[in-house]
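Please open the model in a viewer and keep the sequence at hand.

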Amino acid sequence: RSIASGQGMRESGELGLGPGFTFGFPAMLAIIEWLSPGNHLAEKLLIVGWFLLAIPLLYLLARDVVGPGPALWTAALTASNPLMLRWSNQVMTEMPFLSVSLLALLLLGRAMAKGDRPSGPMFLGSLAAILVAMTIRSVGMVLALAAPLSILIRRRYRLLAAILLFLIAAMTGANVAGYGPLLWSYVSRLFGPFFEAHTVEGGFEHLMGRAKTNIWRQVFINIPVMILPFPGAWLAPRLLVGLRYLLALIVLSLLVVGLGRMLRRSEPWAVYTGLYLLAIVFWEPEMAVMRALIPVVPFLFLSIVVGAMPVLAWCHQRWPKGSPRLRTGLVGLVFAVNLWGNIDSAQTFRDYPPQWQSYFEAAAWIEQHTPRDSIIAARKPTLLYLTSKRRSIYWSYSSSPEQFLGALQGSRATHVVVDQLGFPDTQQLLVPAIRRYPENFRLVYATVTHPPTYVVEIRWPDAAASPQ
């Protein structure tokens, strides 16, 4: 909305985000907002279009690696996967970033396949796509690292020099244009955990603990659930749970073998997948959720197909008549599980979860019952602003109730929203401040929907009563 009105990157209508945030996706939405203000259906159709574009791009990339038949399996597995379909219409960055990343890796792979004289248009096209991906999500920096690394592994030094010069020139230009904070956000996104581990006492142990937690979650929960999306209600019997994890172990083994084979060939998409998975290992656990896998889901399926091909070839040699039936049966089983998972997903996600319904109910009350110049402090201020039409801000990440309340006073906040969204800082920062200084807060609304979301009015009796 702000970009479409000519105000640039400004959050909540007033608070400037400035050059430290990726602008690619907001720019896409600004075009729709300018043509058809408030048309959320058009925004969803934009995301669906990016998802539909990703499937043929994946097929072309996979065809270059494994041939047309297995490439078709890879594209079909991705297109029918419940996780992908669930996110294929949500107005978020996943699908645009996925499609642009696929385009970059497809063009780079084809350019590198041309020998010592790579195709100039394809090479330049891949570089342009990498830059676009970096404007959509800060994790696009992984793509920018994977490209020169895959070239370096192949010892294509002239091509490596060209891509490094291009990236250095692009980043220098961005810095001159005032986007230095954006470049720093890329660095902090990738290397911030290591800086923190080096500068904070006990930071290295904390980082290793985080890595162990994320590895366990990805290997034993997120990736198996993504690959074999059995409905949760059908997993109560222990036999089915054990069967699921046995199948997941087999498929994970194929994934590791396939990805390893492609890494030995220094395929750009495999190098990117390896770097991306390594990066999310060190993210905060609340960030390393299943959604974090979406940018590499197609490559995980491609790795599984690559790993399965030698097994299927061996079966064909041993049982030439039975192997086609085996292949058809396995493909049919996977698609049946995907269909099963999609039906369950449609029932589970047909509406917002209760905690989000409660949050938006509070936003609707704020729109109807607060002055237009109110300033609302909240954990998800952008969504609150879009639904309440009131200026909304993040609360301060302070270490004590005193500092927290002082930051609220400095921001001139008039209300604060106590949510039940599950983010730990609500209970660790906001609630202790309210309990420590109850005289500065007054409950004005609690939602009917459970779990309740509370709208609390902030009162500043006088300057002396407020913490400094």
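A residue counts as buried when its relative accessible area is under 20%. The model under view is predicted.

**First stop: a loop residue**

Select Thr 370, which is located in the loop between α15 (354–369) and β3 (375–378). Thr 370 is buried, because its relative accessibility is 8%. Next, display the surroundings of Thr 370: apart from neighbours within four places in sequence, the residues in contact with Thr 370 are Trp 365, Arg 390 and His 415. Of these, select His 415 and draw the C-alpha to C-alpha distance to Thr 370; the two residues are 45 residues apart in sequence and 9.2 Å apart in space. Then show the backbone of Ile 366, whose oxygen lies 2.5 Å from a polar atom of the Thr 370 side chain.

**Second stop: a helix pair**

Two packed helices are described by the angle and the distance between their axes. Select α7 (residues 140–153) together with α12 (residues 268–281): the axes come within 8 Å and cross at roughly 130°. The helices α7 and α12 are therefore oblique to one another, and their crossing is right-handed.

Now show side chains at the contact. From α7, select Val 142, Leu 143, Leu 145, Ala 146, Leu 149, Ser 150 and Ile 153; these meet Pro 268, Val 271, Tyr 272, Leu 275, Tyr 276 and Ala 279 of α12. Colouring this contact between α7 and α12 by residue class gives 12 nonpolar residues, one polar residue and no charged residues.

Methods. Residues numbered from 1 in each chain as written. Predicted model: local features only at pLDDT ≥ 70, side-chain atom pairs only at ≥ 80, totals over all residues. Heavy atoms only, no water. Helix = DSSP H or I, 4+ residues; strand = E, 2+ residues; numbered from the N terminus. Buried < 20%, exposed > 50% of the residue type's maximum accessible area, 1.4 Å probe, protein only. Contact = heavy atoms within 4.5 Å. Polar contact = N/O pair within 3.5 Å; in protein donor to acceptor, adjacent residues only side chain to side chain. Axes fitted to C-alpha atoms, helices over the stretch in contact; angles between N-to-C directions. Parallel < 35°, antiparallel > 145°, perpendicular 65-115°, else oblique. Left-handed = near helix turned anticlockwise from the far one by under 90°. Nonpolar A, V, L, I, M, F, W, Y, C, P; charged D, E, K, R; others polar.
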